[in-house]
Amino acid sequence: MAFNLTHQLGSLAGTPIKSGEMTAPTVESSLSVSPPSARMPISMNMNYNTNRNVSPPMSPVLGARRADLSVACKAFAVEEEQRTYKEGGIGGEKERGGGGGVPVFVMMPLDSVTMGNTVNRRKAMRASLQALKSAGVEGIMIDVWWGLVEREAPGAYNWGGYNELLEMAKKVGLKVQAVMSFHQCGGNVGDSVTIPLPQWVVEEVDKDPDLAYTDQWGRRNHEYISLGADTLPVLKGRTPVQCYSDFMRAFRDNFKHLLGDTIVEIQVGMGPAGELRYPSYPEQDGTWRFPGIGAFQCYDKYSLSSLKAAAEAYGKPEWGGTGPTDAGHYNNWPEDTQFFKKEDGGWNTEYGEFFLTWYSQMLLDHGERILSSAKSIFQDTGVKISVKVAGIHWHYGTRSHAPELTAGYYNTRFRDGYLPIAQMLARHNAIFNFTCIEMRDHEQPQDALCAPEKLVNQVALATLAAEVPLAGENALPRYDDYAHEQILKASALSFDQNQEGENREMCAFTYLRMNPELFKADNWGKFVGFVKKMGEGRDSDRCREEVEREAEHFVHVTQPLVQEAAVALTH
């Protein structure tokens, strides 16, 4: 399976993309990079409507054990530095036109709120948030787990831990992206804890297994309720979409005093890992391994009922009984299958077009339903709505793009599958949040024809055409300058300089993730420099050395806070 990557990627789906314009000079890399994390916009440069006032001075409590109160003194110094930084940098007072900088958010640990609805490692969390604020970070991203908040009974919401955590963020002066996490935590890349769906939901699925996504071999996936049941009252009298809507409404009512000020964005979970996709590549129990093509997830009775109706309407009722039976297994490669192979593959036939259109449209309709509800719930609150789309970059250089097809993205060598998603988000004024921003093509296994950079290019062009803001995340934890440089380049969206909209930048970037590794001295220094450069913006006239000197100063000033956070997180 050894192919020439450049040759294979000569033709991209949809609007032609100039090859190599985002590719950096090749360097030696020993990093092992695998698929996107599971947990792992209408102005093109979205202003988060942040309050520009200086945050209260950082609490001297962090330095209470030091007789000279050096931590407290330095905390005040940090605030003064931060005020100057914010006025001229990310989210600052200056007008944010093109090249005005990209605000950086940091993803919180998955278990920031415990199963007992309290803040996990409270002391560590407080110190960590203060350290992030001191580094110039705009805000944090927090998973608000359905399985925690509405765990006990339908309509019984316990916001305990989130009330405290969000107040912590407000006190420190950090903005918040709140993720409505309607999926199970556990079983995907980066999942360090297990948080199931609410117990009463699990009971309903146990009684009716077809509420779970199902593959052609009958394997059930319990990460997220099958979209085939979206509009059916299968959850104790409510439809899944009604449950999601009621949850979001309860969140709005409970945190209305923070919306638009502290809480600036609501990311609406749409599927496994919170992403708008089918659970086509589940790692749990070793079902799937990178870079397998995955498997279609439409064999529950509710989805098959929809397929049957679609086939009859199309005039081919014989196509409605099942999905493709020649699409291989989770860990096959495209050429191992009849359906996905490049020559005479089923994907490129009338039947393939019918099935893939139906399968991808089901996903788009799912997004439409939930976004319509979210838009009405959060209108006039001052928050932005966003949706995460997975960066499925493996086998991107093939004709069929098999892993994208099984996930529900009808993207092939001959068809742009991301433009319809971008257009759907644009109808609801939502942000297109995309992963794998830190990856470079040459870091990936070449025989799997991975092309994350070219995939990001295609998605960026789709959002440009649909006039929808684009935000980004890194798919895997990376602390090295090489990854940071790739994020800086990708977030500037400078690959289409000759096209209208050349001054566009990503509206925000969320860094995965806050943990003890981030606070190690070397990693922290690089991270502070990265945040500073992101804030400068593409068109900054300040020289790189000046920015790096300022970053070094911030590292020095924040050292006591970072040490406190690192120690607290490891205990």
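**Loops, backbone and core**

Mentor: Pro291 lies in the loop that runs between strand S6 (263–268) and helix H8 (301–314); helices (H or I, at least four residues) and strands (E, at least two) are DSSP runs, numbered from the N terminus. This is a predicted model, in which local features need pLDDT of at least 70 and side-chain atom pairs count only at pLDDT 80 or more, while totals for chains, interfaces and linings use all residues. Residues are numbered from 1 along each chain as its sequence is written, and side-chain values use heavy atoms, with hydrogens and water left out.

The bond between Phe290 and Pro291 is a cis peptide bond, with omega about 5 degrees. A cis bond also links Leu512 to Arg513, where omega is near -5 degrees. Arg513 belongs to the loop between strand S10 (509–511) and helix H14 (521–536). Most residues other than glycine have a negative phi, and most peptide bonds are trans.

Positive phi values come next. Asp380, in the loop between H9 and strand S7 (384–389), has a phi near 65 degrees although it is not a glycine. Asp380 is exposed, with a relative accessible area of 81%. His395, in the loop between S7 and helix H10 (402–407), has a positive phi of about 60 degrees and is likewise not a glycine. His395, however, is buried, at a relative accessible area of 1%; buried means under 20% relative accessible area, exposed over 50%, and partly exposed in between (1.4 Å probe, protein chains only). Asn429, which follows H11, has a positive phi near 55 degrees.

Helix H11 (residues 419–427) has as its buried residues Ile421, Ala422, Met424, Leu425 and Ala426. Their cover includes H9, S7, strand S8 (430–434) and helix H12 (452–466).

The largest nonpolar core has 156 residues; such a core is a set of buried Ala, Val, Leu, Ile, Met, Phe, Trp, Tyr and Cys residues joined through side-chain atoms within 4.5 Å. Helix H9 (residues 350–378) gives the most to this core, with 14 residues. The residues with the most contacts inside the core are Phe251, Ile263 and Phe432. Neighbours within four places in sequence aside, Ile263 is in contact (heavy atoms within 4.5 Å) with Leu166, Val176, Ala178, Phe251, Phe255, Leu258 and Val383. In soluble globular proteins, nonpolar side chains tend to be buried together.
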